[in-house]
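Take a look at the fold below.

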Amino acid sequence: MMESRRYEMVIFLRMLNDSCLCKLSWKCRNSLLWMYGRWIVLLNNITNMNDWTWNTQSVMATLNASCHSEWDRGEMDYYATPPSATKKLLENETFSKFILEPACGEGHISEVLKQNWHEVLSSDIVDRWYGDTLDYLNDMNFFESWHWDIITNPPFSKSQEFVEKSMDIIRDGQKVAMLLRIQFLEWVKRNAMFKEYPPKIIYVFSRNIRCAKNGDFKNATGNASTYCWFVWEKWFAGDPIIKWIL
Ligand SMILES: C[S@@+](CC[C@H](N)C(=O)[O-])C[C@H]1O[C@@H](n2cnc3c(N)ncnc32)[C@H](O)[C@@H]1O
């Protein structure tokens, strides 16, 4: 009985996916998938199918959804920052009382900031039940100019755009701190940006930082990259300092 119910459900979701979901936007489809997930949980409770583990990934697997590459990289490059990494930044740098976290994920950075008496405005392009849902790079009117410091771990594939946008919108003397891989220093495409906006200080983590794909810290394996906190101050004109932190 349980197996046939599960089979029916899988067929139904696949049919729905093939017939219409692929025509919808990625964001819209994710919302629908989420609603189906809730429906599955409901069914699960009713039929006591205790072997079903709810998360978006299992729905994706059931649907054989076509956005696998996005999912494999973490949904919209979602890799949560371990709280210890943010604590380390705050031990070494001071920031304004009010802070913008424009790619907040589930709030792993924001929560540490709040614990340290900062007021935080958090947003993300994906609604992860934390902060506002805003596209930092394209929701023009909202992020035009900013008089708070900005701290985030930006999406890997758009890190340069995040740095440039942040430096464009903040005012003189304000700070931007971004958790980035050390390789961010490389690449000819970034040369002009570093000339215009040299970081003031770069904190290199000597230990391995395990950012958790899709926020799953239990299964976070880390990678070979070295992570750093890059800290910019608007119109700082000197040479960057490098410090090593543990
Ligand atoms: C590496 S994760 C970091 C999440 C969070 N800052 C943390 O450290 O735990 C990058 C986040 O950027 C979000 N993101 C990607 N593109 C975005 C955009 N254009 N505007 C706002 N957020 C975006 C993703 O949804 C993802 O949550």
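Where is W187 found? W187 sits in the loop between β6 and α8 (191–196). Helices (H or I, at least four residues) and strands (E, at least two) are DSSP runs, numbered from the N terminus. The model is predicted: local features need pLDDT of at least 70, side-chain atom pairs count only at pLDDT 80 or more, and totals for chains, interfaces and linings use all residues. Residues are numbered from 1 along each chain as its sequence is written.

W187 is not a glycine, yet its phi is positive, about 90°. W187 counts as exposed because it has 11 C-beta neighbours inside 10 Å. The cut-offs are these: a residue is buried if 20 or more other C-beta atoms lie within 10 Å of its own, exposed if 12 or fewer, and partly exposed in between, with C-beta atoms placed from the backbone. Another tryptophan, W235, lies in the loop between β9 and β10. Its phi is near 70°, again positive in a residue other than glycine. W235 is partly exposed, because 13 other C-beta atoms lie within 10 Å.

Now the sheet. Two strands pair if DSSP finds at least two bridges between them. Strands of a sheet pair through backbone hydrogen bonds, either parallel or antiparallel.

Follow the pairings along the order. β5 (residues 149–152) and β6 (residues 175–181) are parallel, with three bridges. There, I151 has A177 of β6 as its bridge partner. β7 (residues 201–205) runs antiparallel to β9, joined by four bridges.

Two residues are in contact if their C-beta atoms, placed from the backbone, lie within 7 Å.

Which residues of α6 are buried? They are H108, I109, S110, V112 and L113. The buried residues of α6 pack against β1, α5 (83–92), β2, β3 and β5. E111 is also in α6. It counts as partly exposed because it has 17 C-beta neighbours inside 10 Å. E111 and T86 are 25 residues apart along the chain, and their C-alpha atoms are separated by 9.6 Å. Just after α6, W117 takes a positive phi of about 70°.

How many residues surround the ligand? The shell holds 23, and the closest are T81, A103, G105, Y136 and N153. A residue is near a molecule or strand if its C-beta atom, placed from the backbone, lies within 6 Å of it. β1 (79–80) and α6 (108–115) each supply at least two residues of this shell. By type, the shell has 14 nonpolar, five polar and four charged residues. Here Ala, Val, Leu, Ile, Met, Phe, Trp, Tyr, Cys and Pro count as nonpolar, Asp, Glu, Lys and Arg as charged, and the others, Gly among them, as polar.
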